[in-house]
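Hi,

Here is the structure I promised to pass on. Have a look at it first, and then read on for what turned up.

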Amino acid sequence: MTTPILRIENISKRYGKKDVLKGASLDVNKGDLKILIGPSGAGKSTLLQCINFLVKPDEGRIWLDEQEVHYANKRDLYAYRQKVGMIFQDFNLFDHLTALENVRIGMVRVKGMGKAEAGERAVLELERVGLKEHMQKYPAQLSGGQKQRVSIARALAMDPKVMLLDEPTSALDPELIGEVHAVIRDLGNNGMTMIMATHQIGFASSLASEILFMEDGRILERGTPDKIFNHAENARTQEFCSKITELYGERG
Amino acid sequence: MTEGWLYIQAEVYPALLKGFWVSLQLIAPSALLGLAIGIMVGVLRIYGNRPVMAAANTFVAIFRGIPLVVQLFIWYFGLPHIGIYLSPFVASVLGFSLCSGAYHSEYIRGALLSIKRGQMLAAQSLGFSKVRMIISIILPQAIRRALPGCGNEIIYLIKYSSLAYMITCIELTGQGKILASNSFKYTEVFLMIGACYLVMTSVATIVLGRMEERLRIPGFEHRRT
Ligand SMILES: Nc1ncnc2c1ncn2[C@@H]1O[C@H](COP(=O)(O)OP(=O)(O)OP(=O)(O)O)[C@@H](O)[C@H]1O
Ligand SMILES: [Mg+2]
């Protein structure tokens, strides 16, 4: 039996009177790609942000490599976040830094690496996402797809054990989605452990080790892509999947 | 005509030069200190915990709310009552820096508020601590946004540095006042003094413009007016 690299147990979060997460649990093994799907407002982003404590969960525990994360301890928290990369829907590149500097700054300021060494690594990561020739450009000079690829390079440069991706392509024009998907696919093939929220079910079903259907703060159903998309047990899952298949085209 | 010219050469020119020099000595440290105070107070007003925030806000309320002359009088004439004696020069720099800092903090605060939340989320997700995030990610962007406002404040500072003569720090305006009351040539003397300030503010404007230019980054352009 393998032990999960990331264990998420019973995460709950409420905003005011609204329970946004109602006890979500999830075990992630090394190399897994878990896909979160579900209607808007289901709590996918909140769950992902709780996993690296950008949002502090009201309840729940998280283990990385069998070590429980005590997020109240700042040192633990900062160390943990270095190991959990996050990709945002709207990229969130640092606007005052070039692509190269964006990738380098975490290594220099957080990991304490030397500038030269970090710079070399940054170039490698940018090369990996196909952006070496754009490394001197500022975010304002890059396309959406390029920005997202820089943000992936920035996360990878920290040597994360797990990557969280929150709808990484939903702010992109259709013709730019492919280039970002290619990078994510490549990551998956190289054994990166990922949890990704997305509506791109074609892409999801071709890569996912498991699909999790979320609604109303709960993970309602989980299973292989085939099970969720073709033989879902829950009526809500079926309904959502047929709707989304219509919207986002054929599954591939 | 020649008599007037002689007077200028013998009396006005050396006196104004001396005053000009004192003014510069007042302005330069006050501008730097004021900016440093402004950045610090601005950051504390946004990122400090409750008591720190309250303290920073009180600081601004006081130093922006009391006329600068009154502040200078307090530093120079008031402090000796509790046994602290400041030279006119030190009292002036102190007064200017604190007042200027209060104004700068407003521009910095506004700029800090304009930074998108995503910048902070991204920094935190990489493992940045709050302090590191503010220093490496937030401030470099905020300062660029605040620069036009802060530049404006520095121009003001150049002009209100003339208040130092009220507490016997004889800078440009003070020298002018002495000259004029000796010779009764108020118009001539103060025209020349006005020209001196105009030179200083013009040079400052050019320098600040160059700085903006150097710090300019795609995506951070300011609309030129
Ligand atoms: N900071 C907040 N304050 C109050 N309510 C919030 C906050 N953030 C999220 N919510 C609420 O929590 C619920 C879940 O939001 P979340 O963004 O996690 O959904 P999502 O599944 O990611 O949706 P989408 O597909 O639209 O991205 C929503 O009802 C939202 O309004
Ligand atoms: Mg979301």
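Let me start at ligand 1, where a polar side-chain atom of T46(A) sits 2.5 Å from one of the ligand's oxygen atoms. Please keep in mind throughout that this is a predicted model.

For S45(A), the distance from a polar side-chain atom to an oxygen atom of ligand 1 is 2.7 Å, and for E167(A) the corresponding distance is 3.3 Å. In total, 13 residues surround ligand 1. Is S205(A) buried or exposed? With a relative accessible area of 15%, S205(A) counts as buried, because the cut-off for that is under 20%. The side chain of S205(A) also comes to 3.2 Å from the backbone oxygen of G202(A).

Now to the place where the two chains meet. Chain B contributes 24 residues to the contact, and chain A contributes 24 residues as well. Between them, chain B and chain A bury an area of about 2000 Å², with carbon and sulfur atoms giving 66% of that. On the chain B side, the residues that lose the most area to chain A are S125(B), L126(B) and P218(B), which together make up 29% of what that side buries.

How many salt bridges does the rule find across the interface of chain B and chain A? There is one. K116(B) pairs with D95(A), and their closest N and O atoms are 3.5 Å apart. As for polar contacts, seven residue pairs are counted between chain B and chain A, with both residues at pLDDT 80 or more.

Which elements of chain B give two or more residues to the side that touches chain A? They are helix 5 (117–125) and helix 6 (130–160) of chain B. Helix 5 of chain B gives the most, with eight residues. By residue type, the side of chain B that touches chain A divides into 10 nonpolar, nine polar and five charged residues.

Best wishes

Key:
Residues numbered from 1 in each chain as written. Chains lettered and ligands numbered in written order. Predicted model: local features only at pLDDT ≥ 70, side-chain atom pairs only at ≥ 80, totals over all residues. Heavy atoms only, no water. Contact = heavy atoms within 4.5 Å. Buried area = accessible area lost by both parts, 1.4 Å probe. Salt bridge = Lys/Arg side-chain N within 4 Å of Asp/Glu carboxyl O. Polar contact = N/O pair within 3.5 Å; in protein donor to acceptor, adjacent residues only side chain to side chain. Helix = DSSP H or I, 4+ residues; strand = E, 2+ residues; numbered from the N terminus. Nonpolar A, V, L, I, M, F, W, Y, C, P; charged D, E, K, R; others polar. Buried < 20%, exposed > 50% of the residue type's maximum accessible area, 1.4 Å probe, protein only. Near = heavy atom within 4 Å.
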